[in-house]
Amino acid sequence: MNVLVACEYSGIVRDAFLKAGHNAYSVDLLPTESEYPNKTSSRLRHYQGDIFTFIESCSIEWDLLIAHPPCTHLSVSGAWCYTKGFKPLWKKFEALAFVDKLMNLDIPRICIENPVSMISGAIRKPEQTIQPYQFGHPQSKRTCFWLKNLPLLEETNNVKDEWSKLSPKEQCPVLWIGGKDRRKKRSIFFEGVAQAMAEQWGNLE
């Protein structure tokens, strides 16, 4: 299967599909941080630049797109920035237009991933919402999937009981991340979810 992972510099989802034997590539404005299976090979499977430019210049016929559009201007938790005038509205509309363009790409199967987002009200509601603790990570971070021709992702290792015994800071550590790389670190995807995607969506005919 030819798999394209958009807006991913970590290589987490791309590498999960590579390990499962698929032909996978990632695209992001940032260079990849993955070193799987080695630095050279990882860089050859990552395009640093615009996702649409890459698709137009590439001869590969993609079977699956998984996209993680930046949530900076889409998150519901940050909507107050627009109503209070801290952000110009055009940033929200530009971000939504980017998502809409991804959704309408001529690729048979598509998953758009984002936290609770303004996508729901502006474009459509997600087909699925998951939590990391359903896939072996004792953490909470409500994540939405907008799906095209894909089945719902089935949980693989529910550790909610373990998660429920943790402190609030341990339950949702992403909220406590600070520093200059805060946005970057908060966007990291969960390996357990990536593995489930590769195992379940990589075997579709």
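Visitor: How much space lies in the largest cavity?

Guide: On a 1 Å grid over the protein atoms alone, a cavity is a set of points where a 1.4 Å probe fits but cannot get out, whereas a pocket is an open set with protein on both sides within 12 Å along at least five of seven lines; lining residues have an atom within 4 Å of a point. Points are joined across faces, edges and corners, and a volume is the space filled by probe spheres set on them. Here the largest cavity holds about 40 Å³, and the count is 1 cavity of 30 Å³ or more. This is a predicted model, in which local features need pLDDT of at least 70, side-chain atom pairs count only at pLDDT 80 or more, and totals for chains, interfaces and linings use all residues. Residues are numbered from 1 along each chain as its sequence is written, and side-chain values use heavy atoms, without hydrogens and water.

Visitor: Which residues line the largest cavity?

Guide: The lining consists of Ile130, Gln131, Pro132, Lys141, Thr143, Phe189, Phe190 and Val193. Ala, Val, Leu, Ile, Met, Phe, Trp, Tyr, Cys and Pro count as nonpolar, Asp, Glu, Lys and Arg as charged, and the others, Gly among them, as polar. By class, this lining has 5 nonpolar, 2 polar and 1 charged residues.

Visitor: Which elements give two or more residues to the lining of the second largest pocket?

Guide: Helices (H or I, at least four residues) and strands (E, at least two) are DSSP runs, numbered from the N terminus. The second largest pocket contains about 250 Å³ of space; helix H1 (12–19) and helix H10 (191–201) each give two or more residues to its lining. H10 contributes the most, with 5 residues. The classes are 5 nonpolar, 3 polar and 4 charged.

Visitor: In what order do the strands of the sheet stand?

Guide: Strands of a sheet pair through backbone hydrogen bonds, either parallel or antiparallel. Two strands count as paired if DSSP finds at least two bridges between them. In this model, 7 strands form an open sheet with mixed pairing, in the order S3-S2-S1-S4-S5-S7-S6. Strand S3 (46–48) and strand S6 (128–130) are at the edges with a single partner strand each, so one side of each has no neighbour in the sheet.

Visitor: How many bridges join S1 to S2?

Guide: S1 (residues 2–6) and S2 (residues 23–28) run parallel and are joined by 5 bridges. Ala6 stands opposite Val27 in S2.
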